[in-house]
Amino acid sequence: MSKKKIIILIIVPLVVFYVSLFVGRYFIDPVTVLRILLSKIFPINHNWTSAAELIIIQIRFPRAVLAMCVGAGLSISGTAYQGMFRNPLVSPDILGVSAAAGFGAALAILFSANALELQLAAFAFGILGVILTYMLARIYKSTPTLMLVLSGVIVAAFFSSLLSGAKYVADPESKLPVITYWLLGSLNKASLKDLVTVVPLILVSSAGLILVSWRLNVLAMGDDEARSMGVKTESFKAFIIICTTIITASAVSVCGIVGWVGLIIPHVGRMFVGPNHRVLLPTSMVLGAVFLLIVDDIARTSTAQEIPIGILTGVIGAPFFAYLLRKTKGGWK
Amino acid sequence: METKIQLQNGAFSYGEHEVFSGLNLEIAQGEVLSILGPNGCGKTTLLRCLSGALKLKTGNIILNGKDITKFDVIELARNIGFLYQEHAASFPFSVLEVVSMGRTPYLGRFASPSANDKELAEVALSKVGMLHLKDKPYTEISGGERQLILIARTLAQEPQVILFDEPTSHLDFKNQALCLKIINKLADQGISMVMTTHNPNQALLFPNMAAMMNNGKFVAIGKADEVITEDTLNEIYGIDVKIFSVPDPNGKGTLKMVSPWFK
């Protein structure tokens with residue numbers, strides 16, 4: 001990778017992150033933002049309102065960090081899955097994690113759970129969904145790709161139906177709007193506490209994927225060939241599934257279902273740095289982080305009422321994917 | 001000469017369905033065994049067993065004097081290379097990246113190829129005469145070139161045994177010739193090889209060993225010109241052919257050739 005690209009991948013996220021802290025309905029000038037941030041490390045005279053500090057530290061900072069982590073996590077998951085399934089049309093929820101997490105969240109809302117319980121339920125059901133898929137796909141001590149994909153379809157369909165059931169019985173005045181809004185995805189519940197729960201889970205699992213990125217290249221040659229080159233394909237695939245599932249379940253649990261990111265960012269990454277996962281995985285993370293942060297900035301600033309982020313990623317993602325499809329003429333090669 | 005790989009009374013079945021049984025073979029260093037047989041006779045399954053990817057139902061495979069079930073995946077990859085018949089290209093990795101993948105059994109779990117590994121990959125590429133393609137995406141080269149690249153990847157594994165599943169089946173005449181020349185050269189360098197093929201003439205080019213397989217049994221195994229006869233070809237393929245001898249252009253006696261015209 002050229003030096004220029006590395007510099008772009010370092011500078012752009014920093015700039016976007018900084019800008020994200022001062023844009024918003026309550027405008028705080030860039031210098032004050034910087035001073036507020038630095039005051040947490042260095043003793044600086046407080047010449048700003050406590051409201052400004054509250055907004056920066058308690059609201060915008062965690063939200064921006066979370067947006068970047070979720071974007072990065074969904075993107076690295078999508079990239080890893082596309083490599084593992086050897087298919088560029090795969091997204092992180094192929095094994096049913098989002099559908100199952102969605103049902104878990106809906107269930108929590110039905111039982112009037114608090115925010116933490118909702119998050120835990122979504123996370124736990126997401127993991128459960130993937131475990132079901134994996135068990136369903138396992139035949140003759142192996143998990144062939146096709147079996148995984150089909151099992152994922154089955155599990156996703158099953159939990160989608162349960163979710164529909166949950167919506168059907170939900171009180172249309174109080175519970176149903178909450179479920180619907182949650183499913184559309186939003187980062188507006190982001191808080192400092194997420195930075196010590198969800199963020200480490202996403203970062204550690206991502207680091208796990210980056211560590212094995214060379215082997216992911218080998219796995220993209222197909223199971224048989226990877227095995228002939230010394231890769232224990234079954235345990236390796238299980239490791240990838242565990243990492244991506246923790247990442248995706250964490251992301252969904254904290255901000256609902258955000259589609260498209262994990263599907264399109266890997267393509268952008270591949271166009272930018274090529275298919276070698278050693279470089280592609282970290283690049284996808286950075287691109288995904290920047291993308292979701294920008295989308296979230298648009299979501300919270302463009303209208304008086306916040307736009308659910310899942311709507312925006314789709315509105316931006318679908319045309320972009322169409323553009324890619326036309327440009328590559330369906331080839332992807 | 002030293003025996004590299006040996007199959008003793010091997011049998012394999014998928015559930016109730018028996019694929020082959022009672023097979024014996026022994027390949028010394030630098031020997032090439034061609035296996036001929038109709039589709040579905042069990043050739044590919046036999047290769048997969050020899051590679052250690054499938055476990056025999058009964059019998060043993062001895063690699064370098066040690067039972068193959070005692071090898072782990074990494075040791076197997078360092079000793080045995082496998083060229084699969086079909087390679088579905090996925091992402092546009094560069095040719096050098098693909099060949100470097102052959103170094104994986106020598107890398108730590110979290111490592112990627114070092115400068116030294118890349119050098120070895122380049123050496124492997126030059127052995128197949130494809131070094132000039134090293135920076136090209138391997139999805140944008142011809143099928144013949146890709147096959148040679150995959151052979152280079154196998155060579156980067158530094159195996160002592162290479163298994164080829166119909167290595168020339170998708171190649172044009174030039175690339176078939178190149179591929180066979182490379183196999184011949186590798187045999188001279190002491191690599192033992194097993195190759196399945198549908199072309200008896202191709203098997204006759206590697207005179208020291210051939211096997212005729214049908215319905216999961218060896219009809220004959222031994223020197224190629226003794227094994228590939230009008231009778232055995234008739235027995236396994238059910239057609240009449242004519243075998244005739246031509247003078248070897250290299251002046252080493254005669255070469256046998258199979259012709260389907262029979263009058």
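**Strand pairing, packing and contacts in the two-chain model**

In the predicted model, B:Ile243 stands opposite B:Val258, a residue of β12(B). The pairing of strand β11 (residues 242-247) of chain B with strand β12 (residues 254-259) of chain B is antiparallel and extends over 6 bridges. These strands, β11(B) and β12(B), form a hairpin with 6 residues between them, in which B:Gly251 adopts a positive phi near 75°. In general, the strands of a sheet pair through backbone hydrogen bonds, in either a parallel or an antiparallel arrangement.

Chain B also contains an open sheet of 6 strands, whose order is β6-β7-β8-β3-β9-β10 and whose pairing is mixed. The edges of this sheet are formed by β6 (80-83) and β10 (217-222) of chain B, each of which pairs on one side only. Averaged over the sheet, and with direction ignored, neighbouring strands are turned by 15° against each other. Within the sheet, strand β3 (residues 32-36) of chain B pairs with strand β8 (residues 192-197) of chain B in the parallel sense, and 5 bridges are found between them; in this pairing B:Ser34 stands opposite B:Met195 of β8(B).

Helices pack on this sheet as well. Helix α1(B) touches β3, β7 (161-165), β8 and β9 (210-214) of chain B, and the direction of α1(B) makes about 160° with that of β8(B). Helix α9 (residues 230-237) of chain B also packs on the sheet, where it touches β9 and β10 of chain B, its direction making about 160° with that of β10(B). Of the 8 residues of helix α1 (residues 43-50) of chain B, 6 are buried, and the helix is therefore largely enclosed by the rest of the structure. The buried residues of α1(B) are B:Lys43, B:Leu46, B:Leu47, B:Arg48, B:Cys49 and B:Leu50. Just after α1(B), a positive phi of about 90° is taken by B:Gly52.

According to the domain assignment, chain B comprises domain 1 (1-64 + 160-237) and domain 2 (92-159). The C-alpha centres of domain 1 of chain B and domain 2 of chain B are 25 Å apart, and the contact takes 11 residues from domain 1 of chain B and 8 residues from domain 2 of chain B. On the side of domain 1 of chain B that touches domain 2 of chain B, the elements giving two or more residues are β7 and α6 (173-188) of chain B, with the largest share, 4 residues, coming from α6(B). The residues on this side of domain 1 of chain B divide into 7 nonpolar, 3 polar and 1 charged.

Between the chains, 23 residues of chain B are in contact with 21 residues of chain A. On the side of chain B that touches chain A, helix α2 (residues 73-79) of chain B gives the most, with 3 residues. By residue class, this side of chain B divides into 15 nonpolar, 7 polar and 1 charged.

For chain A, the average pLDDT is 93, and 98% of the residues score at least 70. Confidence in chain A is lowest in helix α14 (residues 309-328) of chain A, where the mean is 86, and highest in helix α9 (residues 213-219) of chain A, at 97.

Two residues of chain A were examined individually. A:Arg63 is placed in helix α3 (residues 50-84) of chain A, and A:Ser77 likewise has its place in helix α3 of chain A. A:Arg63 has 24 other C-beta atoms within 10 Å and is therefore buried, the criterion being 20 or more such atoms. A:Ser77 has 33 other C-beta atoms within 10 Å, so this residue is buried too. When neighbours within four places in sequence are left aside, A:Arg63 is in contact with A:Leu187 and A:Ala190, whereas A:Ser77, with its neighbours within four places in sequence likewise left aside, is in contact with A:Pro92, A:Thr244, A:Ile247, A:Thr248 and A:Gly262. A:Ser77 and A:Ile240, by contrast, are 163 residues apart in sequence and 8.7 Å apart in space, C-alpha to C-alpha.

Terms used. Residues numbered from 1 in each chain as written. Chains lettered and ligands numbered in written order. Predicted model: local features only at pLDDT ≥ 70, side-chain atom pairs only at ≥ 80, totals over all residues. Contact = placed C-beta atoms within 7 Å. Nonpolar A, V, L, I, M, F, W, Y, C, P; charged D, E, K, R; others polar. Pairing = 2+ DSSP bridges. pLDDT = per-residue confidence, 0-100. Buried ≥ 20, exposed ≤ 12 C-beta atoms within 10 Å, placed from the backbone. Axes fitted to C-alpha atoms, helices over the stretch in contact; angles between N-to-C directions. Domains from an automatic or database assignment.
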